[in-house]
Amino acid sequence: MKFIEITKKTSIDFIGLRNKAFVLSLALVLFGFFAFIMIALGKANESVDFTGGTQLQVKFEDQIAIGDLRSVLTGGGIGDVQIQQASGTKEFFIKTKLADAEKEKIQDKLSGILSKDFQGKKFQILGSNMVGSTVGKALKKNAIIAVVISMICIIVYIAWRFTFIFGIAATIATFHDVLALLGIFYLLNMEINILFITALLTIAGYSLTDTVVVFDRIRENIPKMKSKTDFGNTINRSINEVLSRTLITSITTLLAIGSILFLGGQVLFEFSLALFIGVLIGTYSSIFVASPIVYVWRKKVR
């Protein structure tokens, strides 16, 4: 059976490029830490789920496109708005960061905007309530706990399947991807919401899978080493051998995510953008971060 190969047999010296890669990765990680601190201090573009605000339930008599509703509200001065349509109905849940103390003003402002831009289309505000930030804080806490537990499990699993050094390297590479994506999103001033947290955890899993493939090939090639000093060449050969597979996997994944990114609409844009950037970072780290860390560590120890 003939398989498609994007790259022919390569002999790239990935280990020789490790210092340049480490400088880039260090910059991404430091900026990710900075973004994490800003988010913890509430100085990032966080969604209503994290900051709290007001939720209104609106029902239209005629069918309204969610994109048109979002454009009308944003143009009318209600920024940072999140809209969700109840499936199979003409009802919409509208979240805004405006405080509950201004609930009456929000309802009046919303009614005025809808009456002006949707003339002739009847609607009714069924109710409004406060969206507390308690759930968001609990989600942040649970997300951190989930990441920490997953990192511990990664170390244990890879240490059992490979060696302890491999487990630490995979964990560092995964943290690298999460922090890098966090920093880039903060730099772009994109909204930090529940979907973004989901994307972070998804990318962590994707990156780990890609790293394990490389580690598997390194383990297969280690018995072929002529001497312990040949470990760098073994890593280079292993990465080059799986390079085509890695690129094909990443490209096909990016094609699927790209279709959501460009065709999924505003609701899924930031989520798909996070996945798109995350796959690129994860592919980079599996080649230029995880394996070089194993090489440097083993060289220092032995």
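**Ground rules.** I number residues from 1 along each chain as its sequence is written, and side-chain values use heavy atoms, with hydrogens and water left out. Since the model is predicted, local features need pLDDT of at least 70 and side-chain atom pairs count only at pLDDT 80 or more, while totals for chains, interfaces and linings use all residues.

**Entry 1, nonpolar patch.** I looked for a nonpolar surface patch (residues with over 30% relative accessible area and no salt bridge, with nonpolar side chains of Val, Leu, Ile, Met, Phe, Trp or Tyr joined within 5 Å). I found one formed by Phe36, Ile37, Leu41, Ile144, Val148, Ile152 and Val156, with about 640 Å² of accessible area together (Shrake-Rupley method, 1.4 Å probe, only the protein chains shown counting as cover). Helix 1 (18–40) and helix 5 (134–161) each give two or more residues to the patch; helices here are DSSP runs of H or I, at least four residues, numbered from the N terminus. The largest share, four residues, comes from helix 5. I also checked Ile37, which lies in helix 1 and is partly exposed at 44% relative accessibility (buried is under 20%, exposed over 50%, partly exposed in between).

Helix 9 (residues 266–288) has 23 residues and reaches 33 Å from its first C-alpha to its last, close to the expected 33 Å (1.5 Å times one less than the number of residues). I noted that 17 of its 23 residues are buried, so helix 9 is largely enclosed by the rest of the structure.

How many salt bridges does the structure hold? I get four, counting a side-chain nitrogen of Lys or Arg within 4 Å of a carboxyl oxygen of Asp or Glu.

- Asp210 pairs with Arg245, with the closest N and O atoms 3.1 Å apart. Asp210 is in helix 7 (residues 194–221) and Arg245 in helix 8 (residues 231–263), so the pair ties together parts 35 residues apart in sequence. Asp210 is buried at 2%, whereas Arg245 is partly exposed at 35%.
- Asp216 pairs with Arg219 at 2.8 Å between the closest N and O atoms. Both lie in helix 7, three residues apart, about one turn of the helix. Asp216 is buried at 17%, and Arg219 is partly exposed at 37%.
- Glu220 pairs with Arg217, the closest N and O atoms being 3.2 Å apart. They too are three residues apart in helix 7. Glu220 is partly exposed at 48%, as is Arg217 at 27%. Shared partners join Arg217, Glu220 and Glu241 into one salt-bridge network.

Technical notes
Patch = residues over 30% accessible without salt bridge, like charges linked within 9 Å, V, L, I, M, F, W, Y side chains within 5 Å. Buried < 20%, exposed > 50% of the residue type's maximum accessible area, 1.4 Å probe, protein only.
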